[in-house]
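Dear colleague,

I am passing on the structure we discussed, with the sequence alongside it. Please look through it before reading my notes.

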Amino acid sequence: MKLRKELWFGFSLMAIVVVAVLAFMPWANLLDGHLSKQDLGLLGLLMLALIVVAIMLGFPTAFTLMGMGVFFAWLAYRNVDPALAGQQVFDAMVQRTYGVMSNDVLIAIPLFLFMGYLVERAQLIDRLFRSLHLALARIPGSLAVATILTCAIFATATGIVGAVVTLMGLLAFPAMLKAGYNVKVAAGAVTAGGCLGILIPPSVLLIVYGAVAGVSVVQLYAGAFFPGLMLASLYVGYVMLLAMWRPALMPPLAESERRVPLPLFAQALAVRGGNALTGLSRALTGGGGAGVSKRTALGQLIVTLLPALAIAALLGVMYRAATAPVVEDNVAGLVQVGGLAESAAEEREQSTGVIGAPEAEEEESGVKEPAAEKVEEASPAEATAAEEKTAEKAAAPASQERLPAPVWFWVMLAIGATAIALIYWLWNWERLEVFKLLLSSFFPLALLIFAVLGSIVFGLATPAEAAAVGAFGGFVLVLIYRFIAKSRAAPPGGRFAGAVFWGTLKEFGTIIKESSFLTARTSAMVCWLFVGSGIFSAAFALLGGQELIEKWVLSLNMTPVQFLILAQVIIFLLGWPLEWTEIIIIFMPIFIPLLPHFGVDPLFFGLLVALNLQTAFLSPPVAMAAFYLKGVSPPHVTLNQIFAGMMPFMGLQVVAMFILYAWPQLGLWLPSVLYGR
Amino acid sequence: MVFFFGRRIPAMQKILLFVDKVSTWVGHAFSFLIVALTLHVAWEVFRRYVLDSPRAWAFDVMIMLYGTLFMMAGAYTLARNGHVRGDILYGYFTPRAQAAVDLVLYIVFFLPGVIALTYAGYFFAAESWAIKESSNITAEGPPYYPFKTVIPVAGAFVLMQGIVEMIRCVICLKQGAWPSRAQDVEEVDVEKLKEELHVKDEDIQKLDEYVVRKAPAK
């Protein structure tokens, strides 16, 4: 029988490991049941080596872990007391399983998955891509940039790499090829963009890491935000530079591709003047209506004014935040501000009423400042909620006592005003149409993401709660978008309204059903892996393998940087044969205890791991993204072309990792500002 | 083994598909807990911030819905071959080799692990029933014994599905090809996505001209 090269390679690796394990196994002691501490530690390491081999054999990893864990845990227990060993293994098994079932971090996983499947099925990706592509038509490499941005937004909301790459492979890839883009560049943009969802929060990977490493998911999300943005902007910057440097790779769009079709009323009004704002106001006041009804004009004018309203609202929020007379966080500040503190404390009194009985009792004692202090000592979520309320209540009655607005506010005000002026100066009819397109695709999704992330990061909701609200938002998105699609497909006329309505409901039911099934399967996949690794890591700890590894690593006398690089190289190599779930769940528990020895923040390490594992999605020959794209690309696009296209983006990921190494503040700044780490 | 299953494969296949169906049905039924979980948590958030009346037992219910959801979907996931596996080498095996490896590992890893889980789970739940255990997070919390019962029940379903998978391995060893599975929704269903975006296979074929035209220019 002729074996393939890959199999030969794999089998020889496995054989080496197995032979080594057999050679080092303390056989004599194993058989008569008296293992020394040294032997047990060694056994732990051998177990680790064997698990890699067993996983490579291709058996479902959750059960591999379970079986091995049970066996080795039994060995460890037997060494202490053979009579009790069986019972102890069973206890450990069920306790670990129950620990996963009642884990309040992992609970966010099914909810985020559900939100992702729902958003994916709302089918708004083609609108999103079309609107971004028109909005960005003038910049170099516009289609590739639009592809990356669409991927980034969509992948962030859904987190499903396979679906995003496939969808963009069907949508953006043909568009880029038709526009004369180089195959490699087009393939690279689709695959690299599709993988962004792994890093940019809310990502499931970060939840899994948080659960394993005991790092707060909230802080991980806050930390991953800027590195994720940085990676996306590195991609965009690279594409734009490449397009400017070698326009042949990404020719600018033809005029016909760029033109935005104008609706009738706009065509009529455009004759009179290019600016949509003045045109619409004139139509409304009756000066130059050109046969456009006032209702249409009013509606369009409201849409036109939305950016101004948004900027004004943003400035208003800033003003309130900057001048709010609430003295947050420290009681010392409360004393210093004196008279102001009185009112603030009073408001606290009001707000504590809803928080809970203990604080209310404190209030009754009449001592205001300690009471305020008590509020701060309450659990973070409650404290934040209290501050929110205090801020709200303080704003209304205490407005005369507002602090003077700081200089930066006036700067922001100037910037805002300039932005509004600039926007409306450039606001022609095409831009109005593009804006309307964005309004119906980009903004709802962006709003959903920011609402979910914002409520997590500012402590209004736990990740699980935010995910549930996000999934609920997914319901709404599905309903609205399917309804719009259905009513567009239906022939005009009121008689069909009922049919459209019922059709939407029916489709909604199907989408909910399918999303639920997929959510159940994917959560089961991830969480059963946790169940398996629970008993496995228990066995590893019992055998004392961790101690041996720690001793060995410390004996190498590495500097923290060397250790970080070594760890990342190991994780990168593991990323070839293994999936990210396996790497984080099985191998992170080994790395995490080593971090304090080198003074590495587990939060920072998590960000590096997330960046690193994202690279694994793009590294040949196992890059999942490439195979998904290959599945929907024309036959003459070869896998090698796709791999070649991914290479520069992989390079950018490595650059991003180095930037993060060099300036950890990039990831740690936001958590430190928000949570005072 | 081969001798034993020799003539009965069609009948056997029916039984396999039936057990698949049972696992899938149970999985589907429990999948809807995610909808309940979403609505429950969203409603609770609404109560807390808008109505100002959070409920103490909400967290317990959240945990129970989540734990039951993923445990009971275990067998369903196994029936769909959905548990993550390191397929870097496995994918290159012939079906017979795959079946042989799987069968051995089902006996070596799967059976001890899952039997231990089910067995231990049974006593774990029984103890909880005996004392009518309720939540330790809040006073007067909801009862926890039904939730703990999920462990042995889910374990039993996974075990049943695992035995079916082992029989599949035996059939595959005999026939040289994997017996069929029931159909279900897929995460990346390319045909469906094509339909969704109104892309036809001909369109993709046609794109080739752009690719080929580029190639010589390089």
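This is a predicted model: local features need pLDDT of at least 70, side-chain atom pairs count only at pLDDT 80 or more; totals for chains, interfaces and linings use all residues.

Chain A has 34 helices and zero strands, and of its 677 residues 53% are buried. When contacts between residues at least 6 apart in sequence are considered, 77% of them join residues at least 24 apart.

Helix α22 of chain A, which covers residues 407-425, has 19 residues, and its reach of 27 Å from first C-alpha to last is close to the 27 Å expected at 1.5 Å a residue. Within α22(A), the residues F409(A), G416(A) and Y424(A) are buried. Seen down the helix axis, the buried residues of α22(A) fall within an arc of 55°, and they therefore line one face of the helix. V407(A) and W425(A), by contrast, are exposed on the other side of α22(A).

The residue I would point you to next is M168(A), which is placed in helix α9 of chain A, residues 161-178. M168(A) is buried, its relative accessible area being 0%. Leaving aside residues up to four places away in sequence, M168(A) touches I125(A), F129(A), T147(A), T150(A), C151(A), F173(A) and V190(A). Although M168(A) and L629(A) are 461 residues apart in sequence, their C-alpha atoms are 8.4 Å apart in space.

Key
Residues are numbered from 1 along each chain as its sequence is written. Chains are lettered from A and ligands numbered from 1 in the order in which they are written. Side-chain values use heavy atoms; hydrogens and water are left out. Helices (H or I, at least four residues) and strands (E, at least two) are DSSP runs, numbered from the N terminus. The expected span of a helix is 1.5 Å times one less than its number of residues. Buried means under 20% relative accessible area, exposed over 50%, partly exposed in between (1.4 Å probe, protein chains only). The arc is that of the directions from the helix axis to the C-beta atoms. Contact means heavy atoms within 4.5 Å.
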